[in-house]
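Student: Could you show me how to read a helix packing and a pocket in a model like this one?

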Amino acid sequence: MKKRKLLIPSIIVLIVALITITFVINKEHEVEIIHDDLEQVVEDGELIVLTINSYASYFNYREVPMGFQYELAQGFAKSLGVELKVKVLNSEVELVDALLRGKGDLIAYNLAITNERKKELIYCGKENISHQVLVQRSGNDALDDVTQLVGKEVYVMPGKYEERLENLNHELGGGISIHEVTEDSITNEDLIEMVAKGKIDYTVTNNELAKINKTYNPNLDISMEISFDQRSAWAVRKTSPKLAEAADKWHRENINSAEFEASARRYFELNKHTPQGSILSLKDGRISYYDDLFRKYAPQINWDWRLLAALVYTESNFNPSAVSWAGAKGLMQLMPVTSRAYGVPVGMESDPEQSIKGGVKYISELQKIFSKVKDDRERVMFVLASYNSGIGHVFDAMALAEKYGKDKYVWDGNVAVYMLLKNKEEYYKDPVCKNGYFRGTETYNFVRDVLTRADVYIKNIKE
């Protein structure tokens with residue numbers, strides 16, 4: 001086998017107050033109320049769910065908790081008439097341990113079903129079937145049979161994906177060129193991105209992660225399965241049979257509902273990128289139909305109006321009716337909670353002026369938050385990054401930069417490096433990180449794209 005290495009201020013207070021869950025990361029010393037079963041959950045008015053920080057389960061986006069399993073748990077808690085509390089742990093082993101020690105009521109995560117775990121747990125809810133798939137680019141030359149892997153180069157992370165590929169190679173009599181990727185800074189998602197961009201031809205991942213990444217990279221083909229199915233589901237303690245029954249009942253009644261299907265599409269099907277194309281020709285001396293509004297409001301934040309236009313183009317393609325996969329709306333793509341916080345009236349999210357006015361107020365608040373970044377252009381980068389990802393993830397990247405001896409007030413080559421690493425467990429599970437997993441590539445690209453486009457606008461459009 002070949003082995004090769006591949007080279008808080010008011011906004012925070014307001015938003016946190018509007019979020020109705022508690023985000024606790026592995027605080028072993030906390031005393032938890034133990035609910036033996038459904039009756040105690042309902043009596044206390046609180047369902048404590050345990051999960052893992054990941055894109056499919058639970059994560060923080062623009063200061064809003066999100067994730068497929070989180071949304072399902074929200075729906076289940078609502079059906080019981082109780083509030084939802086979320087505790088985030090680091091692994092399946094920690095999930096099971098915390099559940100058995102009474103630190104939560106239910107594991108809201110696709111926990112692998114094993115005979116050993118069945119001795120202590122009751123699996124409940126919808127059973128999920130997962131398997132490993134080959135990730136390749138779509139097209140006429142895409143492989144459709146595992147035998148066609150002979151003679152091909154496949155890059156995989158050490159562990160279960162490499163082991164499965166080694167077994168498959170043995171079953172086929174050899175011939176697959178397997179490259180174990182041991183570079184610390186590279187994640188499984190990075191390998192998928194490399195396939196999409198043509199840097200490598202093949203990698204292997206699980207079908208759930210593959211589906212999520214295909215929403216960012218539509219040119220991927222993830223149809224070829226290369227492993228046996230693995231079953232997984234939610235779980236409760238053996239002492240909570242009624243809670244398990246309630247979870248089973250809720251899933252049966254909601255599996256085909258519009259809400260359930262919309263949630264699944266949001267995470268596993270909807271394209272995460274705003275389609276972008278020219279609205280007007282720069283040769284005509286105009287950027288968009290909203291140039292006058294950009295000129296009107298940009299001075300409130302001491303921005304060149306063309307920079308504000310570049311942000312709006314990148315966010316919404318100048319489409320005032322745009323709605324993102326996460327629910328952000330309007331020209332400025334403000335999340336509902338942010339719209340309310342900055343004065344956009346309910347039902348007016350698609351009004352161009354209301355959206356721009358609210359977005360500029362939000363940017364003004366971000367500028368205050370990053371006032372310690374003294375260089376103007378650097379501060380713009382931190383503001384853009386926070387506008388795209390949420391303040392918390394930028395704070396995490398700054399904390400990581402400081403920990404590893406980088407300047408936490410410089411974006412390029414410093415904080416940006418750790419934003420990119422926030423999808424890697426070693427970093428997002430670091431104690432200095434308070435907001436967990438994040439796909440930092442999107443934010444990194446957003447900052448770069450907005451500034452690049454602003455430079456083009458400034459060069460070609462008169463002030």
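Tutor: We will take a helix pair and then a pocket. This is a predicted model, where local features need pLDDT of at least 70, side-chain atom pairs count only at pLDDT 80 or more, and totals for chains, interfaces and linings use all residues. Residues are numbered from 1 along each chain as its sequence is written, and side-chain values use heavy atoms, leaving out hydrogens and water.

Student: At what angle do the axes of α3 and α10 cross?

Tutor: Axes are lines fitted to C-alpha atoms, for helices over the stretch in contact, and angles run from 0 to 180 degrees between N-to-C directions. Helix α3 (residues 68-80) and helix α10 (residues 258-268) have axes that come within 10 Å and cross at roughly 165°. The two are therefore roughly antiparallel to each other (angles over 145 degrees).

Student: Which residues make the contact?

Tutor: With contact meaning heavy atoms within 4.5 Å, α3 contributes Phe68, Glu71 and Leu72, while α10 contributes Phe260, Ser263, Ala264, Arg266, Tyr267 and Phe268.

Student: And how is a pocket found?

Tutor: Rolling a probe the size of a water molecule over the atoms shows where empty space is left. On a 1 Å grid over the protein atoms alone, a pocket is an open set of points where a 1.4 Å probe fits, with protein on both sides within 12 Å along at least five of seven lines; lining residues have an atom within 4 Å of a point. Here the largest pocket has a volume of about 1200 Å³. It is lined by 41 residues, with Tyr109, Lys160, Tyr161, Asn206 and Leu209 closest to its centre.

Student: Which element gives the largest share of that lining?

Tutor: That is β6, with four residues.

Technical notes. Parallel < 35°, antiparallel > 145°, perpendicular 65-115°, else oblique. Points joined across faces, edges and corners; volume = space filled by probe spheres on them.
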